[in-house]
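Please look through the sequence and the model below before reading on. The paragraphs that follow lead from aromatic rings to chain totals, then to a helix and to the confidence of the prediction.

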Amino acid sequence: MKGKRDVFPTADSTCQCLGDLARRVEISGVPPLAEWADIDRRLDRTWRVPSLRRLGPVLAVSALAILCAAGYLVARRPLGYRVANCALSAKGVFATTSARSGVVAFDDGSQMSVEKDARFRLAMVPFGHGAEVSLDDGEAHLAVVHRPGARWSVQAGPFRIDVTGTRFDVRWSRPLGRFQLTMVEGEVLVAGGAIPPATHLRTGQTLSADLMTSSFTIADTPSRLTEAHRADDTYSAKTTSAEPVRQDSGAPRGSRPLPPATPARKRTAIATRNPHLTAAGTQSVQVEALPPPSIEPVRALVPSPLFSTPAVAAPVAPKPSLLRVVFGADGQLSNGFTGETSVEGGEGTSFSAPASWNDRSPLRPEAELLCASGTVAALVCVNENLPKMHCNWDSNWGVAIGWYARADHKSWGDAAVGAIAVDFRGRSASYRLEAHLKGDPKEKMYCIDNYKSGQVVRPSMFKSECWADKGDTLADFHQVDLFNLLFPSAMSYVAFRYCVSGITLFP
Amino acid sequence: MAVSPPLPQTAAPELDSSDAGLVCAARAGDRRACFSIWSKYAALVQRLVWRFLGPGSDHADLCQEAFLRLFKRLNDLREPAALRGFVVSVTLGVARNEARRRRIRAIVGWVPEEVLPAAPTLPGQDEAREAARALYRLLATLGAEDRSLFVTRFVEKMDLSEVAAAHALSLSTAKRRLARLVARVNARLEASPVLLEYVGLLGQGRDP
């Protein structure tokens with residue numbers, strides 16, 4: 001073989017040689033005229049519809065793109081639902097009257113019955129994966145059909161429950177600031193108030209939380225308790241009828257009969273308040289009366305001493321034990337505070353909302369939320385790696401949504417209460433609740449670092465150097481003239497958006 | 001199949017027989033110009049297709065396809081005088097597509113990979129005929145682009161600029177690809193004793 005290769009021509013001439021070989025292939029004759037006749041005939045057809053032929057691939061690709069887009073939009077469509085016996089306000093809040101309970105039937109078979117005098121909102125998760133239910137006030141009972149990938153959540157005041165496929169009962173007494181969650185089956189994740197984030201609650205456990213004392217307990221629920229409820233429940237499928245549902249004569253509040261066991265359904269009962277979530281959005285909402293037989297009864301709430309106070313059940317309303325501050329449309333507060341709301345930013349802060357902004361600009365609520373959004377510039381620090389690091393905190397301190405205790409900006413005085421809780425929602429950050437004393441320099445604030453939404457705080461928890469957990473503390477709120485919820489600046493540029501949704505005052 | 005071609009009418013104006021004149025007339029819808037173009041280049045198209053794909057039975061269809069595509073794309077021809085290059089380019093495109101189709105059909109098993117017919121197509125010695133079959137078997141293993149380059153450069157003996165133009169390549173790119181093609185062909189030659197023998201005989205100065 002070696003000898004043969006030695007006499008080979010170069011690579012290029014080898015190809016030339018092969019090309020010559022191909023040239024020796026005999027081609028059979030010359031093209032006959034009949035071939036032209038075929039071409040001529042086909043040319044007629046081709047030229048008759050040239051544009052359509054040329055557009056063929058374009059049309060095919062366009063049709064495919066349209067199909068894909070349509071499929072995506074159909075798939076992304078949120079869960080549909082129908083609402084019965086509930087009035088829908090312009091702000092997207094559903095409300096039941098004092099005479100009738102309401103029902104929401106979701107397309108996937110899930111249902112929510114709402115007690116009388118309740119207000120709630122619905123925000124649907126894209127791709128029909130579920131819904132976020134937010135009750136502004138009142139009591140509701142959910143029956144959620146379990147589906148793979150479903151995401152259902154319930155916001156109850158500062159408490160949030162992520163449904164991971166389970167059955168449970170939830171009660172939220174807003175006037176008392178008390179929350180109770182009883183597991184019937186499976187487990188949930190719960191957070192809010194003093195409860196650590198992502199707290200697991202399993203079958204047979206009951207979580208009780210008290211906002212007044214910032215405490216919570218988790219106890220094992222005797223199984224017979226649940227069984228007793230199954231036996232005692234008196235609720236029937238009258239939810240959509242005009243008849244009152246609740247049996248007030250001696251029966252526990254919300255007491256209902258248990259339906260036959262339905263493994264596919266995850267049922268909850270809740271009584272909550274949360275104005276955070278927005279309304280139904282773009283999905284179609286039909287308000288109509290649902291046929292009573294289609295309403296699946298849901299189980300009863302567990303009677304608890306927590307909720308047995310006269311403040312909830314007595315026919316004559318007692319003096320409320322806490323105050324819910326009301327946000328006026330012009331930013332003026334009432335029911336506890338008489339001052340106005342405002343928003344203020346540090347040197348490196350720019351706002352996208354509110355649109356027009358000056359120092360201590362009045363902040364008007366939108367959909368009962370005091371919101372601010374924008375960006376905060378990064379802090380500029382010197383001696384970063386030394387103990388004497390200094391940053392421009394004094395000028396670039398972040399952004400604050402605040403409110404004056406009184407309209408005349410004087411100290412709160414005798415109207416001051418014993419504790420305060422601020423409900424808010426926003427991007428994850430270390431928020432700070434601040435209180436300013438009348439007569440102190442503007443920049444001096446007493447504060448609580450890493451403040452959580454709904455956390456009930458007393459004056460003694462405010463410190464003059466909260467970031468270091470030291471300094472003077474407040475004796476009371478009497479001398480306080482201003483409160484702020486601060487989104488502090490950070491070492492990097494950061495966008496912010498947060499809303500104060502409620503302020504609760506405790507005696 | 002006694003179909004008479006649409007020959008030029010006697011009353012029609014004289015047709016400019018230059019490439020540019022034919023292109024302009026064909027663009028205007030003059031069917032006589034189309035016929036003239038076909039008459040002028042049918043042999044070239046047929047030869048290119050045959051040399052690209054090897055002897056076969058369905059090349060007439062491909063030749064028709066090449067002309068149909070040519071007439072449809074006449075408006076894309078920027079320089080009417082360059083009709084010949086355009087014909088070559090279009091024909092090679094059709095042949096490349098056919099080669100790809102055949103390869104895919106062979107992969108999915110619809111038909112066996114292209115096999116030369118047993119009928120004698122080469123005049124002369126049996127060795128040359130056998131070598132030609134081996135050559136087209138080798139070419140069938142190349143990509144359509146490489147095959148096209150081989151036909152234009154080594155079979156049609158086009159110069160480099162013509163090869164580059166026929167493939168819409170720059171001259172340097174065409175050179176690079178030809179060099180790569182030559183290396184590939186020589187590498188695959190090792191697997192073909194018939195071709196090795198044929199090339200070896202040539203190297204010794206003997207006429208195979």
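**Rings, chains and confidence**

A cluster is formed by A:Phe351, A:Phe424, A:Tyr431, A:Tyr451, A:Phe487, A:Phe496 and A:Tyr498, which are linked by ring pairs; rings of Phe, Tyr and Trp (its six-membered ring) pair if their centres lie within 6.5 Å, and planes under 30 degrees apart count as stacked, over 60 as edge-to-face and the rest as tilted. This is a predicted model, in which local features need pLDDT of at least 70, side-chain atom pairs count only at pLDDT 80 or more, and totals for chains, interfaces and linings use all residues. Residues are numbered from 1 along each chain as its sequence is written, chains are lettered from A and ligands numbered from 1 in the order in which they are written, and side-chain values use heavy atoms, with hydrogens and water left out.

Over all chains, the count by this rule is 26 aromatic pairs. The rings of A:Trp412 and A:Phe477 have planes at 35° and centres 6.1 Å apart, so this pair is tilted. It links distant parts of the chain, 65 residues apart, with A:Trp412 in the loop between β28 (398-404) and β29 (419-426) of chain A and A:Phe477 in the loop between β34 (470-473) and β35 (480-488) of chain A; strands (E, at least two residues) and helices (H or I, at least four) are DSSP runs, numbered from the N terminus. A:Phe477 also forms an edge-to-face aromatic pair with A:Phe483, at 5.5 Å centre to centre and 75° between the planes. Both A:Trp412 and A:Phe477 are buried, where buried means under 20% relative accessible area, exposed over 50% and partly exposed in between (1.4 Å probe, protein chains only).

Taken as a whole, chain A has six helices and 36 strands, and buried residues make up 49% of its 507 residues. Among contacts (heavy atoms within 4.5 Å) in chain A between residues at least 6 apart in sequence, 64% join residues at least 24 apart.

In chain B, the 14 residues of helix α3 (residues 59-72) should span 20 Å at 1.5 Å a residue, which agrees with its end C-alpha atoms being 20 Å apart; the expected span is 1.5 Å times one less than the number of residues. Buried residues in α3(B) include B:His59, B:Leu62 and B:Phe71.

Chain B averages a pLDDT of 80, pLDDT being the predictor's confidence in each residue, from 0 to 100. Over residues 1-10 of chain B, however, pLDDT stays under 50. Where pLDDT is low, the predicted coordinates should not be read in detail.
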